Each structure stands twice: as structure tokens, then as C-alpha cells.
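Here's a quick tour of pockets and helix packing. Have the structure open while you read.

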Amino acid sequence: MSRENQPQRGSLFIVSAPSGAGKTSLIKALLESMQGITVSVSHTTRAPRPGEENGVHYHFVDVERFEQMQSQGQFLEHAKVFDNYYGTSKASVEDTLNKGLDVILEIDWQGARQVRQQFAGSQSIFILPPSRQTLLERLTNRGQDDQTIIDRRMRDAVSEISHYQEFDYMVVNDDFDVALNQLSAIVSASRLTLQRQQIINQPLLLDLLQ
């Protein structure tokens, strides 16, 4: 296969946020509004929540299977969050990027740090809630957790936010549409870099420069 017929390798985006910042909703809207981008489906040992499907939202596995995959070096990153394990398949991400698709990793700061060490060209985005009160309201209005869990999630949110300086971009999710536009702009800009465009437009450049 000639170089001009090969798909340009996609970009890897790391998106992190404290629980309740609206990360999942923003990513869902981004996927609906842009083509050529997908979310990596992580493995986890936690139980499925109502409405979640295996292989769609997560690959749900038991602790023994997760630890086996971990010992074999199959994860690009892995972390323990809220007493459960989460991990991203290295082979799956590489395969998707090589198909020319951009990939979003929806992971916490621990996983983000691991990925940045292996993917120098990855771009990381941190999403913040507009205020502490709004964050508390969002966690409370879910109606899925008791007060003890909500209090714990608030403490963990503060810990998560303390790592914002490790990221390349910051988006404050106050107005959803504004935050979505900002997220889309980051992805769009990455597709206009010289490295990507000179491969995509190689025939045009050859024609113009001859």
C-alpha cells in the first residue's frame, strides 16, 4: 500500500474530571457532533450500573481476570478508583489509532499520568465544574448514592482537581454548549497540525510545488 493510501494515524486525547463535572455527557455530545473519533472502552471490576452494557460502556471482568491482564502487560494504564480496578487495553487503542481514528481515554489523573509517559504526542484535557456548590448538587441529584458515598466523592473530587496542572487544556463546564464547543475546538485544532495535514494533502502539495 502506498503512503498516500495509508490512513493517517489518529490522535490520542486524555479527558479527566472529578465525578460530577459532566465529563461523560460532554464526550457523548462530542461523539455525536464529530466524525472520526471514538472512546476507548475500559475494563473494570466494578458491577454494571442500571442501563450499562458489557462491551459498550465497559468490559466488565472479575478481579482475577483483571490482575491476569495486568500481569501480562496488556494495559496502557490502570488504576484503583472507589475500591474498583479500571484499565485501558493497549492493543485496542493502538489498533484504533492506526485505523486513522482519534481516540478519547476517559480516565482519572492517575491513568492520565501513565499514558503521558508512554504517548508523548497525547493531548490531555481537564474538565472542571463551575463551582463547588454545583458539583455537590450534581452528585446529590444523581439519586444513586447515599450521603456517605456523596461525601466521599466530594473529598475525592478535591483530590482529583488538585492535579489539574498536569494537563494541557482546561474546560469549565458551566454552560454545556460553550464547554462542548471548546472541547470540539481542541480536537479540530489537532487535526490541522502540519504533521497530519501534509500527509492528508500530499497530492495537493505535490501538485502545487511541481
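## The second largest pocket

Let's start with the second largest pocket, which holds about 320 Å³ of space. Keep in mind that this is a predicted model. The lining of this pocket takes 14 residues, and nearest its centre you'll find Gly10, Ser11, Leu12, Gly121 and Gln195.

What classes of residue make up the lining of the second largest pocket? Nine are polar, three are nonpolar and two are charged.

## The largest pocket

Now for the largest pocket, with about 1,400 Å³ of space in it. It's lined by 47 residues, and Lys23, Thr24, Arg49, Tyr58 and Glu106 sit closest to its centre. Sorted by class, the lining of the largest pocket comes out as 14 charged, 15 polar and 18 nonpolar residues.

Which element gives the most to this lining? That's α1, with six residues.

## α1 against α7

Helix α1 also has a packing partner. Two packed helices are described by the angle between their axes and the distance between the axes. For helix α1 (residues 23-33) and helix α7 (residues 176-190), the angle is about 60 degrees and the axes are 10 Å apart. α1 and α7 are therefore oblique to each other, and their crossing is right-handed.

On the α1 side, the contact is made by Ser25, Leu26, Ala29, Leu30 and Ser33, while α7 brings Phe176, Ala179, Leu180, Leu183, Ser184 and Val187. Eight of the residues in the contact of α1 with α7 are nonpolar and three are polar, with no charged ones.

## α5 against α6

The crossing of α5 and α6 is right-handed.

From α5, the contact uses Arg132, Leu135, Leu136, Leu139 and Thr140; from α6, Ile150, Arg153, Met154, Ala157 and Val158. By class, the contact of α5 with α6 has two charged residues, one polar and seven nonpolar.

Definitions and conventions:
Residues numbered from 1 in each chain as written. Predicted model: local features only at pLDDT ≥ 70, side-chain atom pairs only at ≥ 80, totals over all residues. Heavy atoms only, no water. Axes fitted to C-alpha atoms, helices over the stretch in contact; angles between N-to-C directions. Helix = DSSP H or I, 4+ residues; strand = E, 2+ residues; numbered from the N terminus. Parallel < 35°, antiparallel > 145°, perpendicular 65-115°, else oblique. Left-handed = near helix turned anticlockwise from the far one by under 90°. Contact = heavy atoms within 4.5 Å. Nonpolar A, V, L, I, M, F, W, Y, C, P; charged D, E, K, R; others polar. 1 Å grid on protein atoms, 1.4 Å probe; cavity = no way out; pocket = protein on both sides within 12 Å on 5 of 7 lines; lining within 4 Å. Points joined across faces, edges and corners; volume = space filled by probe spheres on them.
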